[in-house]
Amino acid sequence: MASESNSPSVETATPVPSPEGKRTTYLLPDGTPDASVLQDRTPRQLKLSRGATVLIAVIGLLFTFFSYLPLWHTDLWGHLSYGRWIVEHGVPTTEPLMPLDAGVPFNDLAWLSQVIGFNIYSQFGVPGIQFVSAICIASVLALFGGAIYNRTGNVFAAIATMAFLLVIASQQFFVGLMLVPRPQLAGMVCFATTFVLGTSLSRRWWHLPAIFVTFALWGNLHGSFVVGIVTLGALTVGRYVDFSWRVKNAAAGWSDPQFRHLLLATELAVVAVLLSPYGIGVYGEALSVAGNANVRDLVEWEPLTLRMLQGKFAAAAGLLIVVLYRFSPRRISVSELLLLIGLGALALWTSRMIVWWAPVVAYYIGLHLAAATKCWFNPARHQPVRAGLNTVVALGLCWIYFAYSPFGVVLLHGPPDSPEVAATRFRKTVSPQTPVELTNWLNENEIPSGQVFNCSEWGDYLLWAGPEGMQLFVSSHVHLTPEEVWTDYRQISWGLTGDWRNKLDRYGVNTVIMDKMLHSDMIEGMRGLEDWERAYEDRLGAVFVRRHPI
Amino acid sequence: MSAKTLLVAQLFVVAMFIGAYALSSSHARQTVRTNILGDDYYEPVPVVRNEPLKARPLYNRPDLVSDEDLAAVLSQIQPRFDARHMKPNHIEHALRTWGVHATFQNPEAVSGETMLRFLTDTASFTDSWGIDAEPLLIDHPEGVEIRYGEMQGASYHHDHWLACCTEAGATLDTPIFTPGRRNWTLGDVLQQSLRDFRLDERETEWTAMGFALWIAPEKEWTGSDGRQYSFDLLSTRLMRGEKQIGVCSGTHRVYSLMLLLQLDEEHDILSDEAEVVIMDYLRSVRDAIMASQFPDGHWPSNWPDGADAVANPVNDELYKQVIATGHHIEWLSIAPKELHPPEEQIKKAIDWVVATTKEQSRQDIRDRYTFFSHVGAALANWRQVHPAEFWHDWEAEHPWQPEPATADTSAEIDATTPVKTD
């Protein structure tokens, strides 16, 4: 069947006899090729609608944009450091890198993300990490946007879903215009896959194996798999209640095939995460981080409030969905309420959890928006026309997007020729707050051996790129830091409270490395100490060393 | 999906969980118990002995410490405390020095048995402090905690009670009578201490001693926080930071390190790497005290400064000099010769501290009992004799005579004024 958009009129396409009297099906009277006689032989499954093509174009554009964003400097380097350690030693059971955390139990639920990240970085450098991060975000958008488009055929609703998702969870993906690459991104892809499979109206044979595989991976990629299990559980319970309510029989839900399908999916998910080197321990570890006392000091673990930008976005989204409920003809399912209220409560408890509520609320906004607009403007739904040409266009766009991404450039044209160019390029692809020059200085100059007191924001990068064996104080993995050490760190670096100089002596600190953005008070405090001297300073931070090392 | 399939699925799930639980490491299982069931990580550490190990003095040097000098010092530090408001810190020091079997002809002096009872029996403690006082022993579901800190009637340092009772020779089955229960033993205090221990707490000197003297040859254990502790880690913690910072000008951790090293010889509680690091640390201490000794023989509180401590002396009070000197000669008494400063330096230090102790009035000794008790313990070590045994023999030959009453002896210690003593 010819593509609707590219088919000339039937009249124009009518084959005409040639001067020799034979019929030809290839040329128009003016001698140009007659496209109307071509048949679209693309397999049906591969044909795309125009809406899907638009959606791919938008997602691809976003992907390209994301893949150019510099990398934020906190967690990433710590995860790569753990990946490097795991490749050399195997999965840890106690914290392996920070001397002050020695012996602290550590079930590294993100070990697979870290190993993958380390290998990608080793092969492709920063562009590889940018690529994987951008792919993860784009995949999440594609899964949720695609699900809306698939269900409603409304490309605008799909785009709106993606936009809401991006905006509400923006602070989990980006800091300013910088990417925050974390194993959590892999968890989000797993979450999106789970949600899409769990809310799918059709039950395919491969859905259950897909759930199993997703959770088997998720249990090794990030500790957030618990959210996925909770989501499937909510969908299962919701389905039971909905079905039983509909037939006015409390026990009827048990016989509902969809309910049984979801129940089995939930159980498979629960079991699949056990396929981890930590076995049953994954459950204990996944629940331990959120309850850790140290993380309460971090902004991203604070309760969600209206003072936060993402709190304002969340409130606006909540308001919008209430309005949409008023106008949408679509029935509100129990699962939907359970998920919105449950995950919403989780986000209110700690703002980092908004990353799970955002896609769900965006999805339901998209769903009800499509329903409402259909009701207002276009009651009849037309089956979108699919064509191979759209597929070709989509593939072409994907190739262009890929080829123009930094990763594509490296893959197609190779890495930079000279170390200078590589260094310049590296500087541009990491956040301006990354202490690159300071770390280079540390590598080129000798600092006193022994304990280093560093700001936690730089701990990860120093761990990754700093001198080998440097004894750092803290990194962004604060949940692994003993409470007493973390309390001392806060008192010294955040407020210079108590006898902070004595604390430096007690820990045997011989070197202090601080950033100016968050710890300028500490730097000023260090300047006034007689037994310390400033060894290095740049626009980002400073290094102080003890005149007579301990 | 049929009901049968669903049932099979349930069995599969249950089987997987049982299998995962069985195959997972004990650590993984404990992680689940802790974070889901609210249990803690701690597993009681096996203790294979009822009597604690002891630090082994290595030298019998009458040329350094004569019987007369030792007797004079021990006479000074007899545990003569008022029955009212006896300070646990003083009693702990006296008990550690004299031991649980100590007896005295002097009726003012408290026997080892009485001191141990004061520390282990709430009724005895209440006799001294009254019923309104906070108890020294605190009941916990799994064991007994010792109240410590700067409060009235509390032990001063964490695990000091445990280390002192242990050094005094109290057995593991010593009954502990808390306000709520009467069937605890010293073993329950030890286990509670092992459970509560945090590596980064302020003082670990006595913890290291208390643990090592009981649990060797165990060298690793898991705290209630899940952290994997070992004597390697403890020794690293003891060596952390500026040498002078630490209890008694940093000398206690030197003693604890030396004790760990000595116990390691017999019980292998340290790794080879840790042994090397500790030896290096102790050598650096030796070098510092070689350079920082004053001509009269005492060491100052800033002994880690080495020669600079002599060139630019700090204005130490006498008791600080006694602390540094007394504690140094104590750890040297159990240290191999390689870690000794030249013998004449040890001799000078001993002479100075003996003379200084002899000069003290009874009130001075009372006020600073804790520091002078270390002098007595150190000198007895240099004669390879237990103070109580020596004193028992000495009193047999030199029976106690009542002292003439003086204003000094009737002086009351103001128990409401906490004196920071170690």
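This report looks at a strand, a helix and a chain contact in a predicted model.

**A covered strand in chain A**

Strand β5 of chain A spans residues 451-454. In a regular strand the side chains alternate between the two faces of the sheet. Here both faces are covered. A:Q451 and A:F453 are buried on one side, and A:V452 and A:N454 are buried on the other. β5(A) pairs with strand β6 of chain A, residues 509-515. The pairing is parallel and runs over four bridges. One bridge joins A:Q451 to A:V509 of β6(A).

**A two-sided helix in chain B**

Helix α12 of chain B covers residues 272-292, 21 residues in total. From first C-alpha to last, α12(B) reaches 30 Å, close to the 30 Å expected at 1.5 Å a residue. An α-helix has 3.6 residues a turn, so residues three or four places apart point the same way.

| Group in α12(B) | Residues |
|---|---|
| Buried | B:A274, B:I278, B:L282, B:V285, B:A288, B:I289, B:S292 |
| Exposed, on the face turned away from the buried side | B:D272, B:E273, B:V276, B:D280, B:R283 |

The buried residues of α12(B) fall within an arc of 110 degrees seen down the axis, so they line one face of the helix. Their cover includes α10, α11, α13 and α14 of chain B.

**Where the chains touch**

In the contact between chains, 32 residues of chain A meet 30 residues of chain B. On the chain A side, α11, α12, α21 and α22 each supply at least two residues. α11(A) gives the largest share, seven residues. The chain A side divides into 16 nonpolar, 10 polar and six charged residues.

How values were computed
Residues are numbered from 1 along each chain as its sequence is written. Chains are lettered from A and ligands numbered from 1 in the order in which they are written. This is a predicted model: local features need pLDDT of at least 70, side-chain atom pairs count only at pLDDT 80 or more; totals for chains, interfaces and linings use all residues. A residue is buried if 20 or more other C-beta atoms lie within 10 Å of its own, exposed if 12 or fewer, and partly exposed in between; C-beta atoms are placed from the backbone. Two strands pair if DSSP finds at least two bridges between them. The expected span of a helix is 1.5 Å times one less than its number of residues. The arc is that of the directions from the helix axis to the C-beta atoms. Two residues are in contact if their C-beta atoms, placed from the backbone, lie within 7 Å. Ala, Val, Leu, Ile, Met, Phe, Trp, Tyr, Cys and Pro count as nonpolar, Asp, Glu, Lys and Arg as charged, and the others, Gly among them, as polar.
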